[in-house]
Structures are given as structure tokens and as C-alpha cells.
Amino acid sequence: MKCEWVQENILLHIYNELPDDARYELEQHVARCTECAAELKATRQFHATISQFPVDEPSPNLVAASRMRLQAALETTEQGGFWQRLIFDPGAWLRPIKLAPALTAAIFILGFAGGIGATYQVMNGRNVVSPLAPAPTEASITGIQSIQQQPGSSQISIRYNTVSTQEAQGSLNDQRIQQLLLFAARNNYNSGVRMDSVDLLTQTPNDAHVREALLYALRYDSNPGVRLKAIESLGAYVKDDVRVRDAVLEALVNDSNPGLRAQALRLLEPVRADSSVRVVLEKLAEKDPNQFIQSQARNVLAQTSGID
């Protein structure tokens, strides 16, 4: 056994991720090789040191943004490469599993649970959550399938997935409905569902959690239609809420959609005398690549000069 292989797999050994035969060989080699023994000792000491520090949980915004970026990347990835590797080079995707028994066990458990869930869904069909049922936790939700509002009514029906598809029904003021709408606005991979969710959330923008979700959609959603709905609902708060004003300014400067930028510029007109707004408008009026935005920024600045 070569020292290079041992040093590459020392971390797997410390985390008990090596198969029994590889672990035995590594231990036998370390017993004979002083250099590798020193490397193993140093790595163990380092692991013991970092284990003393608390692990910070990622913020919900970071997790949701990462999921959206991952989904966007998956949607633009060539699908043939995966199937070619699966058919012609099965060893390429089996090798990591071979070196990680814990991962193998996790995959087996998830597969077993998925099989049970699929069987349960087939046998029982769609599950409708009772009005008295507790609100679902975000960690248990894997995605939102659809959102529908009954015509002429405040009743909303949301189909969402855990292990199997479930459905919750209630009014917009229902805590379970609000929680599912907030989840859909931040985490769902279907842009149409995110659009429906944001559309309903715009009816209650005074709620702090709802406004936070709308701000998140404006900043991070990959669909321009979702971002446009969010900014339209936030317009009334540009004057009194600094966070909303900053988000609209950020959209004006950075958003890739010209229509949304134009809407942001219109929403900022009532606060055009604000110093931060004025600085942005001056930059846009000077050298923005979009001629319409540049012209409109100059017009707003001219109106501001009249006020001064």
C-alpha cells in the first residue's frame, strides 16, 4: 500500500467511512510507516480541535437560494451525460458508494422509505389534511405541487409533497396555508407554483413574514414574472420601509429584466430626494446601457432638482 493512498484516505478512516478491508490495510501500513502515523495523529488532533466549536446552521435564505441555483443549473445541464455514465460506466458512480458505507445505508433507507410511501400513495390516493391537523414543518416538505384559490371564495387548496402527496385547505388567514405559501415562495422548484404563491401573498403584504418572503422573491427568484409580482406588491412600502427601498434600488441596478427595472424606477419616484436613491439615479443617468432607463433616470433627477 502506497503512502499517497493512505494520506488521501486518512479523513475517511477518522470518520469511519472506509470499508473493513481498506481500514485494516491502512492500520497495518500506519503501524509500519512513521510518516503516515504522524499524519494520522496530526489529523486526529485537528479533528478533535474543530469538533469543540459549535456548528452554525445555514440561514433559510441561504438554503433556499442554494436550492434555486441548483435547480437552475440542473435545468441547463445536458441530460445525456448522466445516462451515458450510468449505462457505460457504472463503476464511476458505484466507486463513491463503495468507499462510503454510511452513504450506502442512507440511500438504502431512503429508497425503502420511498417505496413504502409510493405504495401508501397508490393504495390510499391523495391525502387531505384535516383542518385540525398540526401545521407541517418545513423540513418535512419536499415540494409544492399546486396552489388553487376557489373562485369567489377566500378558500385556498394547496397540494404538497412529503413522502406522499398531501393537500391542505383553508383561508389565507389560516396558519397552515400561510406556512405552505411561504415555503412555496422560497423553496419550490416549479416557477408557476412560486408565481401562484407570491400572487396570493401579495394580498397580505403587511405581515412581516410575508413581506420578508416577497423581498426574498424580488432578490433571488430566477423567474422575472415572480420578481415583478413581488416588486409590485412592495411598492407601497418604498417610502416607509428602508429594507424595501434598498431591495427596489438593488433591483433597479442589478436585475436582468428591463421591464422590472423600469417598474423599480417608477416606484422610487416618490423618494427621489433620498440621498441613496439620488446617487443611484445619477449613476444610471450617466452610463446605464439601457437607453430607456438612462433617459428616465435623467427625467427623475430633473424633477428632483425642481424640488430642491
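This is a predicted model: local features need pLDDT of at least 70, side-chain atom pairs count only at pLDDT 80 or more; totals for chains, interfaces and linings use all residues.
Residues are numbered from 1 along each chain as its sequence is written, and side-chain values use heavy atoms, with hydrogens and water left out.

View 1. Strand S2 (residues 143–149) pairs with strand S3 (residues 155–161) in the antiparallel sense over 6 bridges. Two strands are taken to pair if DSSP finds at least two bridges between them; helices (H or I, at least four residues) and strands (E, at least two) are DSSP runs, numbered from the N terminus.

View 2. Strand S3 is largely enclosed by the rest of the structure, because 5 of its 7 residues are buried. Buried means under 20% relative accessible area, exposed means over 50%, and partly exposed covers the values in between (1.4 Å probe, protein chains only). Tyr160 is found in strand S3 and is buried, with a relative accessible area of 3%. The C-alpha atoms of Tyr160 and Ile141 are separated by 7.1 Å, although the two residues are 19 apart along the chain. In a regular strand the side chains alternate between the two faces of the sheet.

View 3. A search of the whole structure finds 11 salt bridges, a salt bridge being a side-chain nitrogen of Lys or Arg within 4 Å of a carboxyl oxygen of Asp or Glu. In one of them, the side chains of Asp221 and Arg194 meet at 2.5 Å, N to O. This pair links distant parts of the chain, 27 residues apart: Asp221 lies in the loop between helix H11 (208–220) and helix H12 (224–234), and Arg194 lies in helix H10 (residues 191–201). Asp221 is buried at a relative accessible area of 3%, and Arg194 is buried at 4%.

**View 4. The salt bridge of Lys229 and Asp199.** Lys229 forms a salt bridge with Asp199, and the closest N and O atoms are 3.4 Å apart. Distant parts of the chain are linked here, with Lys229 in helix H12 and Asp199 in helix H10, 30 residues apart. Lys229 counts as partly exposed at 26% relative accessibility, and Asp199 counts as partly exposed at 37%.

View 5. The closest N and O atoms of the salt bridge between Arg243 and Glu212 are 2.6 Å apart. Arg243 in helix H13 (residues 242–254) and Glu212 in helix H11 are 31 residues apart, and the pair links distant parts of the chain. Arg243 is partly exposed, with a relative accessible area of 39%, and Glu212 is partly exposed at 31% relative accessibility. Salt bridges that share partners join Arg211, Glu212, Asp241 and Arg243 into one network.

**View 6. A patch of negative charge on the surface.** Glu4, Glu8, Glu35 and Glu39 gather in a surface patch of negative charge. Helix H1 (3–8) and helix H4 (34–50) are the elements that give two or more residues to this negative patch. Glu4, which lies in helix H1, is exposed, with a relative accessible area of 53%. Patches are made of residues with over 30% relative accessible area and no salt bridge; like charges are joined within 9 Å, and nonpolar side chains (Val, Leu, Ile, Met, Phe, Trp, Tyr) within 5 Å. Lys and Arg count as positive and Asp and Glu as negative, while His and the chain ends are not counted. The place of a charge is taken as NZ of Lys, CZ of Arg, CG of Asp or CD of Glu.

View 7. Leu11, Tyr15, Phe46, Ile50 and Phe53 make a nonpolar surface patch of about 570 Å². Accessible areas come from the Shrake-Rupley method with a 1.4 Å probe, and for residues only the protein chains shown count as cover. Phe46 lies in helix H4 and is exposed, with a relative accessible area of 55%.
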